[in-house]
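Hi,

Here is the structure I promised to pass on. Have a look at it first, and my notes follow below.

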Amino acid sequence: MDNSDLLSIKEFAEFAGIKQSALRYYDEIGVFSPASRGENNYRYYSPIQITTIKLINVLTELGIPLSQIKEMGKGRTPKRAMELLAQQEQNLDTQLLQLQAAYAVIHAFRSNIQNGLLAGEQEITLQEMAQQPMVLGPENDFGDDKYFFKTFIRFCNSAQYSRINLNFPVGGYFSTLESFLQSPSRPTNFYSQDPGGTFKKAAGKYLVGYTRGYYGQFGNLPERMLAYAGEHNLVCHGPVYEIYLLDEISISDTDQYLSQISIPVSRKR
């Protein structure tokens, strides 16, 4: 190695974008050593070592212990480097899946809140909605329950067996328009807004309305939506979808929860 190509610790630190103190520490614990030492015991580095220190930076930023990084540098062979890097790659795959799942949950709640803030609460509108995947829970059996919470608790308890991810917002599904009009607080099924679900809310035109109130309280919204449909020459169909855009995630006053009802419609012929 031509010593004229070597860099002082100060020069290499600036070149690599790393603190001199970190280079000294890595050398002391055997993670990353200089290419050479001068008679004055000063550290000198080769420009080609930039590759190694950059990889070390990546690994430390991922939270990989320096002890593991040190092992990668011992008795280096292509096979050993491949094995150690493959293990880190597998760990990253797991972390990426976890991050993607967490991102999907956060995105679902953020989208609901944003839609709630933009909603014309007193308006009933005709909207074009895109297809929305979800996971539909088992059919509900309310029996003699006066409120839907007992049924909702049963749904939550059975979620793990039904492969329903309760991390996502949960809504109500009414299989027919009639079931919604007769018992708007008793959905036929509950559903999770899990984008990986195989059940699809069909794309198309929907009559959309909003109302404030606690879970299962819709006031006169169903009647208002039917009246709007009649006035605008629309025919309402099933199924009907209910979701709370603003709930305990964003509002402390339960009377101010904001729900959205969407009903597929078509024009009268």
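Phe180 is buried, with a relative accessible area of 1%. Please keep in mind that this is a predicted model. Phe174 is buried as well, at a relative accessible area of 0%. The rings of Phe174 and Phe180 make an aromatic pair of the edge-to-face kind, with 5.1 Å from centre to centre and 70° between the planes. Both residues count as buried because their values, 0% for Phe174 and 1% for Phe180, fall under the 20% limit.

Across from Phe174 stands Val240, a residue of strand 11. Strand 6 (residues 170-174) runs antiparallel to strand 11, and three bridges join the two. Strand 11 covers residues 240-246 and is mostly covered itself: seven of its seven residues are buried. Strand 11 has a further antiparallel partner in strand 12 (residues 258-267), with five bridges between them. In that pairing, Ile243 stands opposite Gln260 of strand 12.

Across the whole structure, a search finds 19 aromatic pairs. One of them is formed by Phe155 and Phe190, a tilted pair with 5.3 Å between the centres and 45° between the planes. This pair links distant parts of the chain, 35 residues apart: Phe155 belongs to helix 6 (residues 149-162), while Phe190 belongs to strand 7 (residues 189-192). Phe155 and Phe190 are both buried.

For a charge over a ring, look at Lys201, which lies over the face of Tyr206 at 4.9 Å from the ring centre.

Which order do the three strands of the open sheet follow? The order is 1-3-2, with antiparallel pairing. Strand 1 (7-8) and strand 2 (36-37) are the edge strands, each pairing on one side only. Two bridges hold the antiparallel pairing of strand 1 with strand 3 (residues 43-45), and Leu7 stands opposite Tyr45 of strand 3.

Best wishes

Technical notes
Residues are numbered from 1 along each chain as its sequence is written. This is a predicted model: local features need pLDDT of at least 70, side-chain atom pairs count only at pLDDT 80 or more; totals for chains, interfaces and linings use all residues. Side-chain values use heavy atoms; hydrogens and water are left out. Two strands pair if DSSP finds at least two bridges between them. Helices (H or I, at least four residues) and strands (E, at least two) are DSSP runs, numbered from the N terminus. Rings of Phe, Tyr and Trp (its six-membered ring) pair if their centres lie within 6.5 Å; planes under 30 degrees apart count as stacked, over 60 as edge-to-face and the rest as tilted. Buried means under 20% relative accessible area, exposed over 50%, partly exposed in between (1.4 Å probe, protein chains only). A charge sits over a ring if NZ of Lys or CZ of Arg is within 6 Å of the ring centre and within 35 degrees of the ring normal.
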